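The following account leads the reader through a protein structure, from its chains to individual residues and then to the interface. Please keep the sequence and the coordinates at hand while reading.

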2 protein chains.
Amino acid sequence: MLTARRLLTLTATGARALSAVTKLSTNNCFGGQWRRFQFDSSTTGTPMVFSVFVPPVQKAPCLFYLSGLTCTDENFVQKAGAARRAAELGIALVAPDTSPRLPEDRRLPGEDDSYDFGSGAGFYVDATNYPWSQYYNMYSFVTQELPEAVMVACPEVDVQTRSITGHSMGGHGALTIGLKQPAVWRSVSAFSPICNPTKVPWGPRRRDTQPVRQARSVTGSIHTGQKAFEGYLGSVDAGLEHDACELVKKGPRSDAILVSQGADDDFLVGDTNQLQPEAFRSACDGVGQELDLRYEAGYDHSYFFIQSFIDEHLDFHASRLK
Amino acid sequence: MLTARRLLTLTATGARALSAVTKLSTNNCFGGQWRRFQFDSSTTGTPMVFSVFVPPVQKAPCLFYLSGLTCTDENFVQKAGAARRAAELGIALVAPDTSPRLPEDRRLPGEDDSYDFGSGAGFYVDATNYPWSQYYNMYSFVTQELPEAVMVACPEVDVQTRSITGHSMGGHGALTIGLKQPAVWRSVSAFSPICNPTKVPWGPRRRDTQPVRQARSVTGSIHTGQKAFEGYLGSVDAGLEHDACELVKKGPRSDAILVSQGADDDFLVGDTNQLQPEAFRSACDGVGQELDLRYEAGYDHSYFFIQSFIDEHLDFHASRLK
């Protein structure tokens, strides 16, 4: 069950050795395979788990899927129903965790106290604020180390030909990463993304929230980009570098971005609009970024919504990956 | 959020009042809705939860899905990916829990000690052995009270036109219920069913097993029909009334039964063959029961297997429900 190899990988902070990648499980699915792996990440300083769907073709291009608050790789793997169409299209799927998971004896103060900061809530940034800066480097993990790990773990996958999508906090991750690296990601889409995190409410302060066990719902909960940026980066202003509405103004992509949004999403409405798709539409319009923003009547923020429209996103990416 | 009605329902043990059915949640999915309900069951003497997928048509015929050991209704709802094709075909899906769930202060001795007996392991029989006979009446629940509850909760569903399927212990439930009530269920299929439970090993004795928390895996675990029948019915012989291989000899159905079985299912191979599909094939052959037994190479016992072949089963039932 072990795939033990080593290779050198160049990350943002220099040359590091990618440790052995261990296969945790394999499940046949729609003629392909879901495979789950773990390796000791030098980017996060912790073991990191990720899943890959390998379709029944050689050199499959791939779609990275970034999950939302409180999720792991397993939410997408088990609930999105993505493998059927991915197998038909010959596209691999790559699903990382949403944060480092520190061992019991190294847990950071307050790390598990709230659902929108710390474990399960890495926000796809590289933290600069101590102590988070030691481990919470999810931007570098997703953009640098994870592609190398997939290359080692699944030689059938063409990691160099890749696109990106995600949900909620992971939609924020997909939009910002896709905008920051237009030459790396062939296409970008998102489900219910947090589009303007520097402008959305603080939410409950850390240590004031309900216990994690209650908070870890299927759908995630309150999205609080300001809180995350202050915590990881030291200020909300530092988060402008990770706000899709700001990034698109600096340099739009040459291709369309697809966003699906449930029209009855609890996080969309009223004073608690944490997602702000219209702010993203305005920002895109201002710079000529093509945006296909699809509101879906009656749909909420859950994986029932995602599974209903995942095929549309897979088709969108497939046409750009081939 | 309340659907509060009352009606009289005649069960095996006489007229009982069906209590109010409460809607717990609604999620739009593929143009239809997953709805989750709870009501106080007079058959089990406990609150019972069930889920229904209502496709976007009126008077949809329905397919009951019985889950395996350790599962609730949610495993099928979240992992099987069944709603897509069910919506296309206009078929409703009905998913009950696998056992009563007694409140903390009424828990039976040893009820939660093992994964193959007690909570999460009702085996779709009416227990005759005290104290289980007070609550563990899943046969009557599925065949009598649940259809009435669906009728109350979802008037769009044509409960009288129904078929049945299930997985593992739930495959055993589907085969046995479908064979015992040929005039009620239009068609019968199963995934990886326990086909000959009176002949498979005892498994670990109650109180000897690992803690429930460890045992509750995604896929369920060891299937021990003999243990269940002795516990619920007082003897293995009493279980012959709930053994598909025995039931088919007494009276085959007039139509084909579809069974899908992963060829690499850990529960199928060697000394620990707990499923015995070949025994069922022999029993069917002996009485002229048509059986479409499909071995799927490389597939295991998980929901990755089920989601890969659920469309085949939905198509099978749709052709018989319309």
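Predicted model: local features only at pLDDT ≥ 70, side-chain atom pairs only at ≥ 80, totals over all residues.

Residues are numbered from 1 along each chain as its sequence is written, chains are lettered from A and ligands numbered from 1 in the order in which they are written, and side-chain values use heavy atoms, with hydrogens and water left out.

Chain A contains 9 helices and 12 strands; helices (H or I, at least four residues) and strands (E, at least two) are DSSP runs, numbered from the N terminus. Of the 322 residues in chain A, 62% are buried, where buried means under 20% relative accessible area, exposed over 50%, and partly exposed in between (1.4 Å probe, protein chains only). Among the contacts in chain A with a separation of 6 or more, 71% are between residues 24 or more positions apart; contact means heavy atoms within 4.5 Å.

The feature "active site" is placed by UniProt, in an unreviewed entry, at A:Ser168, A:Asp265 and A:His301. These residues are spread over 134 residues of sequence, yet they cluster in space, with a largest C-alpha distance of 10.9 Å. UniProt positions are given in the numbering used here, feature names are shortened, and annotations may be inferred rather than shown by experiment. A:Ser168 sits in the loop between strand E9 (157-166) and helix H4 (169-180) of chain A. Because its relative accessibility is 1%, A:Ser168 counts as buried. A:Asp265 occupies the loop between strand E11 (257-262) and helix H8 (277-287) of chain A, and it counts as buried because its relative accessibility is 0%. Residues up to four places away in sequence aside, A:Asp265 touches A:Ser192, A:Leu275, A:Tyr299, A:Asp300 and A:His301. The A:Asp265 side chain also reaches the backbone nitrogen of A:Phe267 at 2.8 Å.

Elsewhere in chain A, A:Ser51 belongs to strand E6 (residues 47-54). With a relative accessibility of 3%, A:Ser51 counts as buried. Its contacts beyond four places in sequence include A:Trp34, A:Arg35, A:Asp73 and A:Leu93. The side chains of A:Ser51 and A:Asp73 are joined by a polar contact of 2.6 Å. A polar contact is a pair of N or O atoms within 3.5 Å; within protein, one must be able to donate a hydrogen and the other to accept it, and residues adjacent in sequence count only if both atoms are side-chain atoms.

In chain B, B:Ser260 lies in strand E11 (residues 257-262). B:Ser260 counts as buried because its relative accessibility is 0%. Leaving out residues up to four places away in sequence, B:Ser260 touches residues including B:Phe191, B:Arg294 and B:His313.

The two chains also meet each other. In this interface, 23 residues of chain B contact 23 residues of chain A. Together the chains bury about 1,900 Å², 50% of it on carbon and sulfur atoms; buried area is the accessible area (1.4 Å probe) that two parts lose on being put together, summed over both. On the side of chain B, the residues that lose the most area to chain A are B:Asn28, B:Gln78 and B:Phe304, together 33% of what that side buries. The elements of chain B that give two or more residues to this side are strand E4 (21-29), helix H1 (73-79), helix H2 (83-89) and helix H9 (303-321). The largest share, 5 residues, comes from H9(B).

Two backbone features complete the description. Most residues other than glycine have a negative phi, and most peptide bonds are trans. A:Tyr130 and A:Pro131, however, are joined by a cis peptide bond with omega of about 5°, and A:Pro131 is placed in the loop between strand E8 (92-96) and helix H3 (138-153) of chain A. In chain B, a cis peptide bond joins B:Tyr130 and B:Pro131, with omega of about 5°. A:Lys59 is not a glycine but has a positive phi of about 50°. A:Lys59 is exposed, as its relative accessible area is 54%.
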